[in-house]
Amino acid sequence: MDEFMAAAIEEARQGYAEGGIPIGSVIVCDGKIIGRGHNRRVQQGSATLHGEMDALENAGRHPAEVYRRSVIYTTLSPCSMCSGAILLYGIPKVIVGENHTFMGEEEHLRSRGVAVEVLQDDTCIELMRRFIAERPELWNEDIGEPA
């Protein structure tokens, strides 16, 4: 497994251990992680702290050129909000752990020139399936679905 997806999975596991939603993300520029995070909506009482958003927040301020040569790794297909942030910052490539349990805005990203690679990683799939079975109400809240 790629070291950067392994780091995103590590973030997802941390979120799960904290009682949150197991989605992790890392942002890589020039072969180095510049931001990492996991879904912390539950832990922080946040409406917006999805894994990708947390990784962007933890990356801090960078010139646009940094994001334009970065890759974002995420354990789950990015939702509309996270895809919007990817487009806003001009991140040209997204590596997705899996999209079986949730299909985000991959086609929209592709239509805007973003390269999207989906790994269908067994670890990512199992982590999400286990969480959804254990906490369906929390999962529905996270994706904006009625309980």
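Good morning, colleagues. Because the model is predicted, local features need pLDDT of at least 70 and side-chain atom pairs count only at pLDDT 80 or more, while totals for chains, interfaces and linings use all residues. Residues are numbered from 1 along each chain as its sequence is written, and side-chain values use heavy atoms, with hydrogens and water left out.

I begin with helix H7. Helices (H or I, at least four residues) and strands (E, at least two) are DSSP runs, numbered from the N terminus. H7 covers residues 122–134, and its end C-alpha atoms are 18 Å apart, in agreement with the 18 Å that its 13 residues should span; the expected span is 1.5 Å times one less than the number of residues. Cys124, Ile125, Leu127, Met128 and Phe131 of H7 are buried, that is, under 20% relative accessible area, where exposed is over 50% and partly exposed is in between (1.4 Å probe, protein chains only). Seen down the axis, the buried residues of H7 fall within an arc of 165°, so they line one face of the helix; the arc is that of the directions from the helix axis to the C-beta atoms. The face turned away from the buried side carries the exposed residues Asp122 and Ala133.

I turn to the aromatic rings. Rings of Phe, Tyr and Trp (its six-membered ring) pair if their centres lie within 6.5 Å; planes under 30 degrees apart count as stacked, over 60 as edge-to-face and the rest as tilted. By this rule there are three aromatic pairs. One of them joins phenylalanine 4 and tyrosine 73, tilted, at 5.6 Å centre to centre and 50° between the planes. Phenylalanine 4 lies in helix H1 and tyrosine 73 in strand S3 (residues 70–74), so this pair ties together parts 69 residues apart in sequence. Both phenylalanine 4 and tyrosine 73 are buried.

Finally, the cores. A nonpolar core is a set of buried Ala, Val, Leu, Ile, Met, Phe, Trp, Tyr and Cys residues joined through side-chain atoms within 4.5 Å. Which residues have the most contacts inside the largest core? They are Ile27, Val94 and Leu109, in a core of 18 residues. Strand S1 (24–29), helix H3 (51–59), H4, H5 and strand S4 (93–96) each supply at least two residues of this core. Apart from it lies another core, of 11 residues, including Met5, Ala7, Val71 and Tyr73.
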